[in-house]
Amino acid sequence: MSTRTLQQWLQHLETAHAAGTIDMGLERVGRVKDAMRLQPRCPVIIVGGTNGKGSVCAFLSRIYTEAGFKTGTLTSPHLHRFNERITVNCEPVADDAITAAFERIESARGETSLTYFEFNTLAAVDIFLRENVDVMILEVGLGGRLDAVNVFDGDCTVITSVDLDHQAYLGDSIDSIAREKAGILRPNVPAVCGQTPPPALVSCAENIGAPLLLPKRDFDFAKLEQQQWSFRFHPTESSLKAAPRNRNSLPIPALRGGYQLGNAACALAVVECLFERLPADIGAIKRGLLLVENPGRFQVLPGRPLVVLDVGHNPHAARALRQSLMALPFAQNRTAVFSMLADKDIDTVIETVKDQFDEWFAAPLNVPRGMSAAAVAAKLRAHGISAVQEYDSVEAACRSALSRASENDRITVFGSFHTVAEAGTVCR
């Protein structure tokens, strides 16, 4: 029985590692993994990329659960509860399962110091092994090559997209970031790419010997009339043990945003690559697309005024947000409740989406890397935005926006996982 509650454990882990919360490298976490004998006995899917990782994990988790497989999924960060990071059959595991795993890690690590995310990763795999899951879906936290998830080998890997983010850790060019993300690739293991990749990713896959599946070459999709779409899998790599297949009359995914068809296509490409080991029939696929949930990813809440929650926090996500907002029905007044972390590219994000809002409610994020409301407002005004109001919290900004809005207005809460999480019950 654990001597600490989950909350006490999390408070401890936030400060226990001497180098802080981010200390990339595989030696320490690999040593503890070996000490714990954490060796998956089922297929493992590793999902990396700049944006779209969580959605691809959500699609895969729901499809495999609907197909009758016991499915373990690791994602990060969480919105409301840490337990959201570790799920079995799409349901967060209980506190006591996590604290027991933390106790086992603590006992095995000896003098080896581990970060918050390393504890998280090891705990997830430990729990999945004890739950005897049929498939593990592990989302990369940051980058790929030196991320804790990379101590495990995938039977299929995904790189959803490559764009600028976390430059302090991954490099300041698309190619340098691509090389970091390519670290999850393995020889002879299929790798699904969600966008037209930069040359560095292609050359890395060739050097490693990983068959790279590309959209429009190895798989593609098309939106059809009557809220349907089709998926076509036609791999060019002869070494793949995967047969060509067409999936027609698929329902539009429950996750909103035009870009979600691309994420769903990535997930279906993985399903085809692993079909011999994890067969999923068309019924499971259709149910998975309709029942999938991934809160905070262009999440449109029911009711009026229209409220959109989006955790996007980099230029690539901002471009997707803009396109999705443009596809929504006309709104008489468009309000942004907005805050970002200080180490993000806030200028490009603002410039990308500023034409989609009539007024901005700036709020602080009370976390170590958070910006003050005044700093956020100053950034907005520097981009020529005059309709800016400052609030003491995201919650207060949301309450004000809701109190002022008519049923024909739209409120978008975005900029960070922290921003959406702090909106809390106000916008749910």
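Q: Which element gives the largest share of the lining of the second largest pocket?
A: In this predicted model, helix H3 does, with 5 residues. Helix H3 (53-66), strand E4 (91-92) and helix H15 are the elements that each give two or more residues to that lining.

Q: How many residues line the second largest pocket, and which lie nearest its centre?
A: The lining has 30 residues, and Glu84, Cys90, Glu293, Asn294 and Pro295 are the ones nearest the centre. The volume of this pocket is about 710 Å³.

Q: How do the residues of that lining divide into nonpolar, polar and charged?
A: There are 11 nonpolar, 11 polar and 8 charged residues in the lining.

Q: Which residues of helix H14 are buried?
A: Buried means under 20% relative accessible area. In H14 (residues 394-404), Val394, Ala397, Cys398, Ser400 and Ala401 are buried. These residues lie on the same side of H14, because they cover an arc of only 165° around the axis.

Q: What do the buried residues of H14 pack against?
A: Their partners are strand E14 (334-338), strand E15 (359-362), strand E17 (410-414) and helix H15 (417-423). H15 also gives two or more residues to the lining of the second largest pocket.

Q: What does the radius of gyration say about the chain as a whole?
A: A compact globule of 428 residues would have a value near 22 Å, and the chain agrees with this at 21 Å. The C-alpha trace spans about 55 × 55 × 40 Å along its principal axes. The chain has 15 helices and 17 strands, and 57% of its residues count as buried.

Q: What share of contacts between residues at least 6 apart in sequence join residues at least 24 apart?
A: In this chain the share is 70%.

Key: Residues numbered from 1 in each chain as written. Predicted model: local features only at pLDDT ≥ 70, side-chain atom pairs only at ≥ 80, totals over all residues. Heavy atoms only, no water. Buried < 20%, exposed > 50% of the residue type's maximum accessible area, 1.4 Å probe, protein only. Helix = DSSP H or I, 4+ residues; strand = E, 2+ residues; numbered from the N terminus. Arc of directions from axis to C-beta. Contact = heavy atoms within 4.5 Å. 1 Å grid on protein atoms, 1.4 Å probe; cavity = no way out; pocket = protein on both sides within 12 Å on 5 of 7 lines; lining within 4 Å. Points joined across faces, edges and corners; volume = space filled by probe spheres on them. Nonpolar A, V, L, I, M, F, W, Y, C, P; charged D, E, K, R; others polar. Rg over C-alpha atoms; globule rule 2.2 N^0.38 Å.
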